[in-house]
Amino acid sequence: MDLRFTSAAASERERAAVDRAAGSQAPARDLLLPALQEIQRRIGWISPGALNYACRRLDVPPADGFGVASFYGLLSTAETGSIAVHVCDDLACRSESLIAGLERSGVPVRRSPCLGLCDRAPAALVTIAGEEPREIAVAPADASSVMRAVRGLPAAEPAAPIPQFGSAGLRLLRRAGQVDPESLDAYRASGGLLALRRARQIGPREVIREVRDARLAGRGGAAFPAADKWAAVAANPAPRYLVINADESEPGTFKDRVLMESDPFAVVEAAAIAAFATGCARIYFYIRGEYPLATERIRNAVDRMRHRGFLDGLDIEIRRGAGAYICGEETALFQSIEGYRGEPRSKPPFPAEAGLFRRPTLVNNVETLVNVPGILIEGGPAYARRGTERSTGTKLYCVSGDVERPGVYEFEFGITLRNLLRYSGCAIADLRGVLVGGAAGTFVTPDELDVPLTFEGLRAIGSALGSAVVMAFSRSRDMRGVLARIAHFFREESCGQCVPCRVGTVRQVEALKRGDTGLVKEVGRVMRDASICGLGQTASSAIESALARWPELMKEMR
Amino acid sequence: MTEGPDPRTPVPRGPLPETPPRRAPRKVELTIDGRPVSAPEGATILQAARELGIETPTLCYLENLTPVNVCRVCVVELEGSRTLVPACSRKVEPGMTVHTDSERVRHSRKLVLELLASGVDVSTAPDFARFAERYGAQPERFAAGATVAQPVKIDNELYVRDYGKCILCYKCVSACGSDAQNTFAIAIAGRGFDAVISTEYDTPLTDSACVFCGNCIGVCPTGALMFRGEFEMRAAGQWDETRQQVTDTICPYCGVGCTLTVHAQDDRIVKVTSPAEHPITRGHLCIKGRFGWQYVNER
Ligand SMILES: Cc1cc2nc3c(=O)[nH]c(=O)nc-3n(C[C@H](O)[C@H](O)[C@H](O)COP(=O)(O)O)c2cc1C
Ligand code: SF4
Ligand code: SF4
Ligand code: SF4
Ligand code: FES
Ligand code: FES
């Protein structure tokens, strides 16, 4: 392209950062985000000179490059110090006093939406830019643990990654805390890689048949039948791509992080099976930028499996998010990988037809895929006997908020909300409500606790399982503040592309503050009806469900 | 190991050009507002509705630009679809049943107009008032909310950028980019309600890649991008379209032969546009045609 640049020049360190990410490859737009991320990691912000250099190397117009850099929450286009302290001020963390304390001691805090560490709330993420960049997740966070991280000291890992640690009957979580997540030998000794071998024995068609017999539904939120997607992608022309959606950013969701941190080889094995079944020659992992440990463990698992030849014939790229909830939406995710702003595309065409690089693409959630090895070992029909007729298998639930033992729980589909809450030590007598499905989900009252946590059970009461968030709120919680925080989340995370969501999420915040139920509903309706993607379409869901269940809330607000 | 492609096949980087198979366009039968209509395959619902004389409001759509379907003022109800769909970009399919004036459609159109007008100065957007009246929009309901008000950017002699009037329709970005100018001087920066049209780091246009073709002005539906002369005349209260004469002529500068539409007030040229229907230029010009008339006034 014939491009024109300002005179701003990059420093030697900035050039080195870009070169590290861009390698010796020919100019390629899809390396833009990795290049910007590397500048951020090493320098701490993206200067005009650094942007010019990255854009020149990759043949990207600088205005366009700036549009990308300014889109992501973890990238800074203004000069800042090399240390950033991101403190979660979202629903489960209640970190106002922590934030105030840190600010008093002079720490420049950046407020962050849910960091996916709600089981160990409150949470913080400290990033230190430099030649040895550091990213340290601190949870539970207090002033002293955050200050230790600021000095570059690693944070303590929890003793047990899950509350059900050690219980029999776990399937997806059976290795969590039991098997060394960094050792391929340990993985194999615990039954790992048998499913990949079986897949290669029976061939792609039979693999898809097993998944169909299992009636596996997607766990990323939409519950779409996995086998239908796999068959559609397999039937479309090569090259095809597999994208593992590990961008987990729905407030209250942390199951994919726990899977990647505690059983990363299973995630990679499952991805290899999916790629084999659908004839995808290239796999992209898109891992949430705020998940350093999960990224490291997946990278290690890929390296070790590749080294031992288990991934022969597969190209695997690991990409990281850069702080944008919307990039979990599949088409925004494609845009992000391709080096554009994470603005969702309109559908049709659907990913199976024209996805990443406009090629046929299979996108699956981490948890969806992790079910697949088990399906191949025991067979689809046996898998389908677990759970209910319409929701088969076991499910990971992300329990947080006012419970004694928050964490990821695995149960067969069909457990009731009441039993799950009891199991996690929730004082039900003192319960005001439960947020099911996350910020894009719905509130459920204490009268509705006998609902089975299945796709169909929740649908029947006008709720949805979504990403399986179960966040409990006791009577002492300020529900007005909770709703305001949810509204704020959507206002901050809207990509800004379409009017109903870009402006509607702002008007929702304002109408809620004024206590104007009528306007909240009208704005909710246009967002649901006319927004481009699921973010805008669900941005009023939790709020409207709360107002329907507790109409007195609005009076409290005025 | 797979029966699929050779994994060593080089992976294409960047968006691939779409190559639709070429055949003679077949006709697609559908129903709009209870009336049957047949439209060529590949046509949009908007085009099919026009066939029936149904007027659909649009803000981000223009014949000569790739649809971005972001304003959502054109949404229609499509039976079987959970959400409304944008008429400007949704292609017709056999058997579709579409409603363009249902209560649901009217509600969304009204709210879109209200959301925009409550945060943006739409006083110089020619179509806006008409749409607002048609759908009974009352933006005052959202008064006192956040707006995009900001100082006008005046950094060159030829045109001003008043982003307090910008509805983020992306048209200027498309016109500056691959849809016409291939200059890519401007893009969307920031996210959500804080998104703006910007050069890199808000660099003044004169230091940016801008070549002052003015094609962005030509497509802007709100007057956010405006000839400097028009801007100054408006500020001085002298702008009066009822006193203006509009004449088509051919640009004298080169052999392409672009059509210029010259707007003159009191015998002075006040701006130059170009018809979007023109088969070669499709409404786009270069700096000479767009701005090279100032000497005429100076004589
Ligand atoms: C705003 C938004 C955010 C999303 N975030 C995620 C996410 O973080 N992880 C995920 O797996 N799916 C997410 N999804 C759903 C994906 O678009 C897609 O449906 C899913 O990855 C498909 O995988 P599955 O079929 O295995 O569930 C999101 C959707 C929307 C609209
Ligand atoms: S609904 Fe929101 S997030 Fe989705 S495309 Fe529109 S503005 Fe972007
Ligand atoms: S005048 Fe031309 S080059 Fe400059 S921003 Fe507008 S369209 Fe782009
Ligand atoms: S400046 Fe004009 S053309 Fe550009 S996005 Fe704003 S309203 Fe649209
Ligand atoms: S980590 Fe704070 S709410 Fe999830
Ligand atoms: S005109 Fe169709 S979305 Fe803007």
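I'll walk you through the cavities in this predicted model.

Quick housekeeping: residues count from 1 along each chain as written, chains are lettered from A and ligands numbered from 1 in written order, and side-chain values use heavy atoms, without hydrogens or water. Local features need pLDDT of at least 70 and side-chain atom pairs 80 or more, while totals for chains, interfaces and linings use all residues.

So, how many cavities of 30 Å³ or more are there? Seven. A cavity here is a set of points on a 1 Å grid over the protein atoms alone where a 1.4 Å probe fits but cannot get out, and lining residues have an atom within 4 Å of a point. Volume is the space filled by probe spheres set on the points, joined across faces, edges and corners.

Helix H20 (499-514) of chain A gives two or more of the lining residues, and so do helix H2 (103-117) and strand E8 (196-198) of chain B. Those are DSSP runs numbered from the N terminus: helices H or I, at least four residues, strands E, at least two. Domain 1 (25-145) and domain 2 (148-237) of chain B each put in at least three residues; the bounds come from an automatic or database assignment.

Chain B's strand E6 (159-161) and helix H5 (215-219) each supply at least two.

Terms used. On a 1 Å grid over the protein atoms alone, a cavity is a set of points where a 1.4 Å probe fits but cannot get out, and a pocket is an open set with protein on both sides within 12 Å along at least five of seven lines; lining residues have an atom within 4 Å of a point.
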